[in-house]
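I set down what I looked up, in the order in which I took it.

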Amino acid sequence: MKEIFLRLLSIAIVLPIAWTSCQQRKTISVLVPEEPDYQDTTQWYITDRQAAADVFYIISTETGDYVLPGGDTCHYADTYRDSLRAPLYAEMHGVDTLVSGRLNFYAPYYRQCSLQSFESDSLKAARIPPPLGDVRRAFRYYLQHLNDHRPFILAGYSQGAYIMLELLKEMDEETYQRMIAAYAIGIPIRESHSHIIPAKRADDTGVTICYNSVRDTTCTMPGWEKSRVAINPINWRTDSVTALLITEPSPLLPVTEQKKDTMSIRLDVATGLLLVKGFTAQDYLLPLIGREGNYHSREIWLYRDQLRENMALRAASFHSYAPQKRFKAAV
């Protein structure tokens, strides 16, 4: 079974950009695709495990610029085209399988902007409104029609983490009180907000978890140099105490064909970067913005077991501190 997960991640998390061409729609081609209708079940990836708590997950960037039949370039995923949905689905399924455990899992398809959109802050600012608007509507629909007042974990990876932070900042207090924790994976957090409370240990709740993995501090991508929110996902400490991680380094090969790496993981408190020593797999460079020695594409794979266990622990902790809430710990 693990081999299946590995192959999914080789499509999604390790190769986070799907370079595809699009087929012409029966109507007309548009530079911004049709917005998703979240009443349509095809616009969701859902695993209902009959748990009493959920994970609401926002996927990373799986889309590159592609040329429309008329010659124009599109910068957004089309959630109604099978060829463009495939890598989105692969990440949803891969992450659900690796980290959800017994929790319910909800992930919306959305018109994410392409990797090229992150080459500059100005491009990102210009192109992020459609993705943000989609996920904002999806989260609202989830709360009104799918969540049934259960406690939930909010999680996002890369582009999804940027969008997740906006949802967190906009959240009303009643909703925020039901949030177990927020996982902002693979981005720096520099802003302050009453809802962005840095996690300090493994079992605190209502907090934000954030980390970015590099070989050393010179390997950061532009704009990722420092984060005010950071924690070590191995020992769940915010100091510089080193933790040991022994795991298969690559999602590209079946785990049975790999020798496990023994890695030391230390948080650099000055920058908030996670320093990884002992990683031996051939490095994957994110196209356009990646740097050698930056492990952005491995942020879920390397810590998959720790993330799954931690989500269950925080859910159980939320239950123990809020017994009045209609919740059973998921383990």
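I began with the partners of strand E5. Strand E2 (residues 54–58) pairs with E5 in the parallel sense over 3 bridges; in this pairing Phe56 has Tyr106 as its bridge partner. I count two strands as paired if DSSP finds at least two bridges between them. Helices (H or I, at least four residues) and strands (E, at least two) are DSSP runs, numbered from the N terminus. The model is predicted: local features need pLDDT of at least 70 and side-chain atom pairs count only at pLDDT 80 or more, whereas totals for chains, interfaces and linings use all residues. Residues are numbered from 1 along each chain as its sequence is written, and side-chain values use heavy atoms, with hydrogens and water left out.

On another partner of E5, I noted that strand E1 (residues 44–47) runs antiparallel to E5 and is joined to E5 by 4 bridges. Thr47 stands opposite Phe105 there.

I then asked how many residues of E5 (residues 104–108) are buried. The count is 5 of the 5, so the strand is largely enclosed by the rest of the structure. Buried means under 20% relative accessible area, exposed over 50%, and partly exposed in between (1.4 Å probe, protein chains only). In a regular strand the side chains alternate between the two faces of the sheet. In E5 both faces are covered, with Asn104, Tyr106 and Pro108 buried on one side and Phe105 and Ala107 buried on the other.

Next I took Thr61, which is placed in the loop between E2 and strand E3 (66–67). Thr61 has a relative accessible area of 6% and is therefore buried. Its side chain makes a polar contact with the side chain of Gln159 at 2.9 Å. A polar contact is a pair of N or O atoms within 3.5 Å; within protein, one must be able to donate a hydrogen and the other to accept it, and residues adjacent in sequence count only if both atoms are side-chain atoms.

Strand E6 (residues 152–157) pairs with E7 in the parallel sense over 6 bridges, and Gly156 stands opposite Ala184 of E7. E7 also runs parallel to strand E8 (residues 207–211), joined by 5 bridges; Ile185 has Tyr211 of E8 as its bridge partner. Strand E7 (residues 179–185) is mostly covered, with 7 of its 7 residues buried.

Gly156 lies in E6 and counts as buried because its relative accessibility is 0%. Its C-alpha atom is separated by 7.2 Å from that of Ser60, 96 residues apart along the chain.

A further entry concerns an open sheet of 4 strands, in the order E9-E12-E11-E10 with mixed pairing. Strand E9 (213–214) and strand E10 (243–247) stand at its edges with a single partner strand each, so one side of each has no neighbour in the sheet. E9 pairs with strand E12 (residues 273–277) in the parallel sense over 2 bridges, and Ser213 has Leu274 as its bridge partner in E12.

I checked the spans of two helices. H2 is followed by Gly101, whose phi is positive, near 60°. H4 is followed by Asp148, with a positive phi near 55°. The buried residues of H4 include Pro130, Leu132, Val135 and Phe139.

Which residues lie closest to the centre of the largest pocket? The pocket holds about 450 Å³ of space. Of its 18 lining residues, Asp121, Lys124, Tyr162, Arg190 and Trp224 are the closest to the centre. Helix H3 (121–127) and helix H5 (159–170) each supply at least two lining residues, and the largest share, 3 residues, comes from H5. A pocket is an open set of points on a 1 Å grid over the protein atoms alone, where a 1.4 Å probe fits, with protein on both sides within 12 Å along at least five of seven lines; lining residues have an atom within 4 Å of a point. Its volume is the space filled by probe spheres set on the points, which are joined across faces, edges and corners.
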